[in-house]
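Here are a few notes to read alongside the model.

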Amino acid sequence: MNDLFAGLEPQAARQDMTEGAVLMRARALPQADQLLADIQRISSLAPFRHMVTPGGFAMSVAMTNCGTYGWITDRRGYRYEEQDPLTGRDWSPMPQSFLSLATTAAEEAGYPDFLPNACLINRYEPGAKMALHQDKDEKDFTMPIVSVSLGLPVAFQFGGAKRTDPVMKHQLQHGDVVVWGGPSRLFFHGVLTLRNGVHEKAGSYRYNLTFRHVVL
Ligand code: SIN
Ligand code: FE2
């Protein structure tokens, strides 16, 4: 056999990261082409843009949304809105490909009642990163987060309830899905700087879909 992999465990298809948090390797691979096509369509109506934090810094990650609510940030703060501030129009409805992947992945992770009404679409280019943070603008924390990775790989950090808790690093690849909820719903997470590369399906980008249930 190939010596290169001697002594290395094959990567398990399903990995428990911490309480309530599951990593499902390649779970979205069968749907990946459809997801990428839907991202292109959505972003032709609501373009990717670098939003500004309340502190006045442009984010390195470019974002757009689909679903009833979209996550935005500007000088007034972080929040969800029903209209895209760039176009004044409603966000596109969540495509069926997004909805069925998110609900079935949540169910497989132990969250059978997930009903996402918001999907943040993150686009990373080499050099982009996302600092450790909690997803806490949704107001209701009974439902999990479902996070889908497409395109270039990146190092994902998953910590604990406190910013200073130790973090575990997981390399996320095209098609990987992470679900966290219940006891880990508000755990800190982030991604390290995206490295240069070219992905056969996504070019020099990494995309991330983050599904959430939001109440205003
Ligand atoms: C996020 O936490 O919003 C993004 C995580 C990721 O890009 O994997
Ligand atoms: Fe997040």
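1. Over how many bridges do S1 and strand S2 (residues 21–24) pair, and in which sense? The two strands pair over four bridges, in the antiparallel sense. Within S2, Ala21 is the residue that stands opposite Thr18. Please keep in mind that this is a predicted model.

2. Now for the whole sheet. It is open and has seven strands, which follow the order S1-S2-S11-S8-S13-S6-S3 with antiparallel pairing. At its edges you will find strand S1 (14–18) and strand S3 (62–67). Each of these has a single partner strand, so one side of each lacks a neighbour in the sheet. From one strand to the next, the twist averages 20°. As a reminder, strands of a sheet pair through backbone hydrogen bonds.

3. Have a look at helix H2 (residues 96–108) too. Helix H2 lies across S1, S2 and S3, and also across strand S6 (118–124), strand S8 (145–151), strand S11 (177–180) and strand S13 (206–212). Relative to S8, helix H2 runs at about 120°.

4. Next, the metal. The iron ion (ligand 2) has His133 (NE2), Asp135 (OD) and His189 (NE2) as its protein donors, at 2.1 to 2.2 Å. Along the chain, the donors are spaced as H-x1-D-x53-H. Asp135 is buried, because its relative accessible area is 3% and the cut-off for buried is under 20%.

5. Finally, the geometry of that site. The iron ion (ligand 2) has four donor atoms, the angles among them run from 90 to 175°, and the site is irregular.

Conventions
Residues numbered from 1 in each chain as written. Chains lettered and ligands numbered in written order. Predicted model: local features only at pLDDT ≥ 70, side-chain atom pairs only at ≥ 80, totals over all residues. Heavy atoms only, no water. Donors = N, O, S within 2.8 Å, 3.2 Å for Na, K, Ca; no water. Tetrahedral: all angles 85-135°; square planar, octahedral: opposite > 155°, others 65-115°. Buried < 20%, exposed > 50% of the residue type's maximum accessible area, 1.4 Å probe, protein only. Pairing = 2+ DSSP bridges. Axes fitted to C-alpha atoms, helices over the stretch in contact; angles between N-to-C directions. Contact = heavy atoms within 4.5 Å.
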